[in-house]
Amino acid sequence: MTVLDHRHHTSVPGWRPGATAPRTDPAPLLPDASPVRVLGTPALEKYDPALLRELYRRLVVGRRYNQQATVLTKQGRLAVYPASTGQEACQVAAAMVLGAGDWLFPSYRDTLAVVSRGVDPLEALTLLRGNAHTGYDPRATRTAPLCTPLATQAPHAVGLAHAARLSAEPVVALAMLGDGGTSEGDFHEALNFAAVLQAPVVFLVQNNGYAISVPLTQQSAAPSLAHKAVGYGMPGRLVDGNDAPAVHAVLGEAVERARSGGGPTLVEALTYRLEAHTNADDATRYREDEEVAAWREHDPVLLMERHLREAGLLDDLLVRQASEEAEALAARMRAEFHSDAELDPMSLFAHVYAEPTPQLREQAAQLAAELAAELAAEAEVQH
Amino acid sequence: MSTATPVRTSTMAQALNAALRDAMREDRSVHVLGEDVGALGGVFRITDGLTAEFGRDRCLDTPLAEAGILGTAIGMAMYGLRPVVEMQFDAFAYPAMEQLVSHVAKMRNRTAGKLPLPITIRIPYGGGIGGVEHHSDSSEAYYAQTPGLHVVTPATVGDAYGLLRASIASDDPVVFLEPKRLYWGKDGLDPAAPVEPIGRAVLRRTGSSAVLITYGPSLPVCLEAAEAAKAEGWDLAVLDLRTLVPFDDETVCQVVRSLGRAVVVHEASGFGGTGAEIAARVTERCFHHLAAPVLRVTGFDIPYPPPMLEHHHLPGVDRILDAVARLQWEDRG
Ligand SMILES: Cc1ncc(C[n+]2csc(CCOP(=O)(O)OP(=O)(O)O)c2C)c(N)n1
């Protein structure tokens with residue numbers, strides 16, 4: 001067996017030393033083996049108390065949002081809800097590190113990030129309720145539609161960031177993915193494009209342990225998902241995804257790096273999905289209760305509460321205010337979803353093209369006639 | 001296709017599961033792979049228990065990458081295995097389109113027959129289950145338009161079993177479209193019962209006025225429409241195509257010639273859809289026997305709508321009856 005000496009490469013015709021070398025030394029690209037933590041460490045003291053209190057407030061409200069949405073699925077008021085319960089620290093921090101001009105590219109599990117960004121909590125749910133594909137205005141909110149086909153939003157984030165940079169606007173795009181999504185070709189193509197273009201984009205992988213039933217060990221053989229960045233020539237970062245200030249710090253750094261022309265970053269946040277994949281999934285088929293119980297001890301809301309109290313940063317007033325805000329939001333969700341949405345069947349034909357085709361006009365007329373006939377028949381019955 | 005499984009009431013999902021199990025028992029080269037096909041048994045439980053019985057190598061949870069899954073299956077088939085691939089939902093098969101169109105469909109042809117690919121690609125398809133975006137597409141026309149692929153779609157429990165067994169046994173690649181809204185419909189299943197092979201259409205209901213030509217998820221709707229049509233004095237036949245490729249011109253034309261009136265029904269969009277192909281074929285072959293143009297009742301030419309509006313999009317009984325009324329061409333003067 002021959003072992004290839006890397007010096008042999010210099011004899012490859014046309015190869016020049018340095019021609020394919022990464023733009024940055026590989027060493028700083030590699031993720032630190034131990035995920036960044038802030039809660040329970042002396043680093044906490046360096047954080048602005050106002051920021052910590054804001055993170056806490058958003059976590060509490062976010063948890064309640066997840067709980068209420070899950071209840072709405074049980075009542076048949078939402079078609080489906082992929083809860084981010086247990087992942088609130090990632091959701092909240094992802095929204096908070098972005099400025100008003102930046103763009104968020106969420107996946108289907110990231111409703112809470114969308115809401116935390118300021119999108120109306122009910123509008124963010126229309127896809128999952130089943131009455132429209134996207135309930136908010138992506139341009140007005142600088143938030144792409146919740147994306148269902150996995151990893152397909154990642155290249156969009158790259159393209160948008162690239163375009164923004166071409167027009168010299170200080171815009172950053174943040175794309176959110178799951179651990180499973182990192183196996184898709186689109187993810188790898190997005191990373192490669194981002195690095196080649198040095199696009200101001202941040203990829204946040206919420207590694208919650210499972211892609212539906214498939215554990216990470218069967219998803220990837222890499223030492224970490226953050227390692228995947230290195231081969232493309234961008235830094236990879238590992239963070240405790242249940243430590244809200246830590247996620248905020250790591251993402252914030254990546255966003256600033258992107259904004260200042262430093263190029264893309266891949267951040268892997270280690271977290272856990274406390275609920276099933278969606279309300280339609282049976283998680284007992286593929287994971288043990290003990291595992292879930294252990295992660296409940298590492299719950300992002302609990303962690304935050306415990307450590308802020310210890311640091312003397314959490315007072316009863318804030319706890320009460322956050323909880324009242326959470327209850328008010330839940331009550332608003334219940335009230336809104338209690339009644340059926342008013343839907344116009346004719347909206348089926350809106351926005352398929354800028355101008356409807358003649359065929360669509362014809363089909364719209366057909367549906368209108370059907371609806372009119374239905375109404376007439378109902379009126380007949382009532383007389 | 002003899003098997004030990006006794007006759008019993010079964011859902012379509014269970015019949016598909018039994019077909020996979022029986023095929024794997026009988027032929028060691030049959031391997032199942034896809035997302036969540038292992039411990040979970042697939043999101044629709046079609047692969048339930050296969051990993052427990054046959055081990056992880058023969059029922060493999062793959063990383064989440066459809067192009068990777070199908071591309072890997074190609075290599076496995078090149079080495080002599082019979083891979084059965086599960087695509088989780090219709091619209092999630094699209095990342096594998098390159099592998100499907102450029103390689104799966106063409107390998108036999110490109111290699112002058114040296115590398116046939118006996119791959120079965122199972123894809124749950126169609127709407128009516130209240131799924132959000134990307135969970136209700138009917139993509140059969142894309143597949144049927146691609147030479148080299150068989151396109152099979154069962155509508156009954158017996159066919160689910162028989163056609164899946166036949167697809168796995170086929171030496172050609174088969175896109176096996178499972179109408180997901182029929183997964184939970186029950187019927188008797190006798191795995192030993194003879195099943196019409198791939199490529200044969202079956203008359204599910206005889207009639208004397210006109211024929212509804214359909215397949216997959218629209219079959220029960222057509223049968224219901226035929227029942228409702230009796231009140232209007234129409235006696236409708238219902239023909240279940242079962243296979244789009246190869247297409248059973250013979251049976252279809254036989255029925256159309258004898259009745260002279262036909263409506264094609266499917267839930268995919270109409271424009272450039274399989275209904276257009278069927279109407280054209282029938283017109284070319286049966287022109288002089290037709291008392292009216294072949295009509296189509298299909299979904300609108302729109303992206304699949306959100307669940308709360310899908311019933312306005314999907315062809316239902318009334319729309320079919322309206323078309324049947326329009327078939328009384330000569331009566332209109
Ligand atoms: C292209 C594609 N293939 C398959 C699916 C079906 N699917 C939806 S979610 C999911 C698991 C995703 O896991 P992960 O990326 O880890 O995200 P998580 O759900 O854990 O947040 C799968 C397989 C999909 N949405 N898109």
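Mentor: Rings of Phe, Tyr and Trp form an aromatic pair if their centres lie within 6.5 Å, and planes over 60 degrees apart make such a pair edge-to-face. Please keep in mind throughout that the model before us is predicted.

Trainee: How many aromatic pairs does a search of the whole structure find?

Mentor: A pair of aromatic rings is described by the distance of the centres and the angle of the planes. Over all chains, the search of this structure finds 11 aromatic pairs. One of them is formed by Phe349(A) and Phe300(B), whose ring centres are 4.9 Å apart and whose planes stand at 65°, so the pair is edge-to-face.

Trainee: Where do Phe349(A) and Phe300(B) lie, and are they buried or exposed?

Mentor: Phe349(A) is in the loop between helix H12 (316–338) and helix H13 (358–382) of chain A, whereas Phe300(B) is in the loop between strand S14 (295–299) and helix H11 (310–313) of chain B, so the pair joins two chains. Both Phe349(A) and Phe300(B) are buried.

Trainee: Which residue numbers and areas describe the contact of chain B and chain A?

Mentor: The contact draws 35 residues from chain B and 41 residues from chain A, and the area buried between these chains is about 3200 Å², with carbon and sulfur atoms giving 63% of it. As for charged partners, the rule finds 2 salt bridges across the interface, and in a salt bridge between Glu370(A) and Arg319(B) the side chains meet at 2.8 Å, N to O. Across the interface of chain B and chain A there are also 9 residue pairs in polar contact. On the side of chain B that touches chain A, the residues divide into 18 nonpolar, 8 polar and 9 charged.

Trainee: What does the side chain of Thr143(A) make a polar contact with?

Mentor: Thr143(A) sits in the loop between helix H6 (138–141) and helix H7 (153–166) of chain A, and at 0% relative accessibility it counts as buried. Its side chain makes a polar contact with the side chain of Arg117(A) at 3.2 Å, and the side chain of Thr143(A) also reaches the backbone oxygen of Thr141(A) at 2.8 Å. Leaving aside residues up to four places away in sequence, Thr143(A) touches several others, including Trp103(A), Leu104(A), Val119(A) and Tyr136(A).

Trainee: Which residues have a positive phi of about 50° although they are not glycine?

Mentor: Among them are Arg142(A) and Gln198(A). Arg142(A) lies in the loop between H6 and H7 of chain A and is partly exposed, with a relative accessible area of 31%, while Gln198(A) lies in the loop between helix H8 (185–197) and strand S3 (201–207) of chain A. Another backbone feature is the peptide bond from Val245(B) to Pro246(B), which is cis, with omega near 0°.

Technical notes
Residues are numbered from 1 along each chain as its sequence is written. Chains are lettered from A and ligands numbered from 1 in the order in which they are written. This is a predicted model: local features need pLDDT of at least 70, side-chain atom pairs count only at pLDDT 80 or more; totals for chains, interfaces and linings use all residues. Side-chain values use heavy atoms; hydrogens and water are left out. Contact means heavy atoms within 4.5 Å. Buried area is the accessible area (1.4 Å probe) that two parts lose on being put together, summed over both. A salt bridge is a side-chain nitrogen of Lys or Arg within 4 Å of a carboxyl oxygen of Asp or Glu. A polar contact is a pair of N or O atoms within 3.5 Å; within protein, one must be able to donate a hydrogen and the other to accept it, and residues adjacent in sequence count only if both atoms are side-chain atoms. Ala, Val, Leu, Ile, Met, Phe, Trp, Tyr, Cys and Pro count as nonpolar, Asp, Glu, Lys and Arg as charged, and the others, Gly among them, as polar. Rings of Phe, Tyr and Trp (its six-membered ring) pair if their centres lie within 6.5 Å; planes under 30 degrees apart count as stacked, over 60 as edge-to-face and the rest as tilted. Helices (H or I, at least four residues) and strands (E, at least two) are DSSP runs, numbered from the N terminus. Buried means under 20% relative accessible area, exposed over 50%, partly exposed in between (1.4 Å probe, protein chains only).
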